Amino acid sequence: MQDPEIRGRGIFFALFALMLVLSVFARENQGKRWMAADATPVKTEESEKAEEVPPRVALTFDDGPHPSYTKKLLDGLKERGVKATFFVVGENIPGNEEIIRQMAEDGHLIGNHTYDHQDISRMTTEQACEELTKTSDLIKEITGQETAYVRAPFGRWDDSLDCRMSMISVKWTVDPLDWTTKNVSGIVQHVVKKASDNDIILLHDYYDSSVKAALQIVDQLKERGFTFVTVEELLLE
């Protein structure tokens, strides 16, 4: 018969060996978990595409509202799920209040293009502020919302002008000079060729050719993956 003391020592060493094996196994598993947590995920073509942010552009329209062309444009933009920015001329608003209301209801941004499209850089401060205030008041009367965005005719804006109201000047980066031509395809080609991320496109909703071109521009740029935003979204985000 084996000595009890020897048998006890054997059991002790067996238990110690088992604990040592379990300890090593636990450390190896923990190391694997750390490695898995720290590992950089492998990017697939699909994941890279998901991370890409589509290019954005802002469509802007000056000189309206026109009683028929602007309505046609609004309907076309709504069909395409596109938001734009309209810099309206105050003297064109009376009689077209419903069009201004539709702009607001459809989610477009309404901006100020003075009251009668005058070069405010050649006016006194009082005269320039009257041009802007009259238009702003008309917009607020119809929509209930003030407009903080201004596009001065001919782009001639004075940053020191203080009319005691919010005024953020907006210019443009792509100008096809659509008001000088009735060539729809020429307007479209110019814009589609030039447009890139964060561009502000200048068009006019006071001409039938410009409205037709605008809707074609939307269709072609959407096919290229562009999204359309208001200038407020483009400038403030």
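R164 is located in the loop between strand 4 (149-150) and strand 5 (168-169), where helices (H or I, at least four residues) and strands (E, at least two) are DSSP runs numbered from the N terminus. The structure is a predicted model, in which local features need pLDDT of at least 70 and side-chain atom pairs count only at pLDDT 80 or more, while totals for chains, interfaces and linings use all residues. Residues are numbered from 1 along each chain as its sequence is written, and side-chain values use heavy atoms, with hydrogens and water left out.

The phi angle of R164 is near 60 degrees, a positive value in a residue other than glycine. With a relative accessible area of 80%, R164 is exposed; buried denotes under 20% relative accessible area, exposed over 50%, and partly exposed the range in between (1.4 Å probe, protein chains only). T114 likewise has a positive phi, near 70 degrees, and is not a glycine. T114 belongs to the loop between strand 3 (109-112) and helix 5 (125-143) and is buried, at 0% relative accessibility. A further backbone feature is the cis peptide bond from G64 to P65, with omega near 5 degrees; P65 is situated in the loop between strand 1 and helix 3. Most residues other than glycine have a negative phi, and most peptide bonds are trans.

Strand 1 also contains R56, which counts as buried at 19% relative accessibility. Beyond its neighbours within four places in sequence, R56 is in contact (heavy atoms within 4.5 Å) with S196, D197, N198, D199, T227, V229, E233, L234 and E237.

Aromatic pairs were assigned to rings of Phe, Tyr and Trp (its six-membered ring) with centres within 6.5 Å; planes under 30 degrees apart count as stacked, over 60 as edge-to-face and the rest as tilted. F61 and F86 are stacked, at 5.3 Å centre to centre and 25 degrees between the planes. This pair links distant parts of the chain, with F61 in strand 1 (residues 56-62) and F86 in strand 2 (residues 85-88), 25 residues apart. F61 is buried, at a relative accessible area of 0%, and F86 is buried at 1%. Y206 and Y207 form an edge-to-face pair, at 6.4 Å centre to centre and 80 degrees between the planes. Y206 is partly exposed at 31% relative accessibility, and Y207 is partly exposed at 32%.

The axes of helix 3 (residues 69-80) and helix 7 (residues 208-223) come within 9 Å and cross at roughly 10 degrees. Helix 3 is therefore roughly parallel to helix 7. Axes are lines fitted to C-alpha atoms, for helices over the stretch in contact, and angles run from 0 to 180 degrees between N-to-C directions; angles under 35 degrees count as roughly parallel, over 145 as roughly antiparallel, 65 to 115 as roughly perpendicular and the rest as oblique. Helix 3 contributes Y69, K72, L73, G76, L77 and R80 to the contact, and helix 7 contributes D208, V211, K212, A214, L215, V218, D219 and K222. By class, this contact has seven nonpolar, one polar and six charged residues (Ala, Val, Leu, Ile, Met, Phe, Trp, Tyr, Cys and Pro count as nonpolar, Asp, Glu, Lys and Arg as charged, and the others, Gly among them, as polar).

The protein averages a pLDDT of 86, and 78% of the residues score at least 70; pLDDT is the predictor's confidence in each residue, from 0 to 100. Over residues 31-41 the pLDDT is below 50, and this stretch has zero contacts in the model beyond near neighbours in sequence. Where pLDDT is low, the predicted coordinates should not be read in detail.
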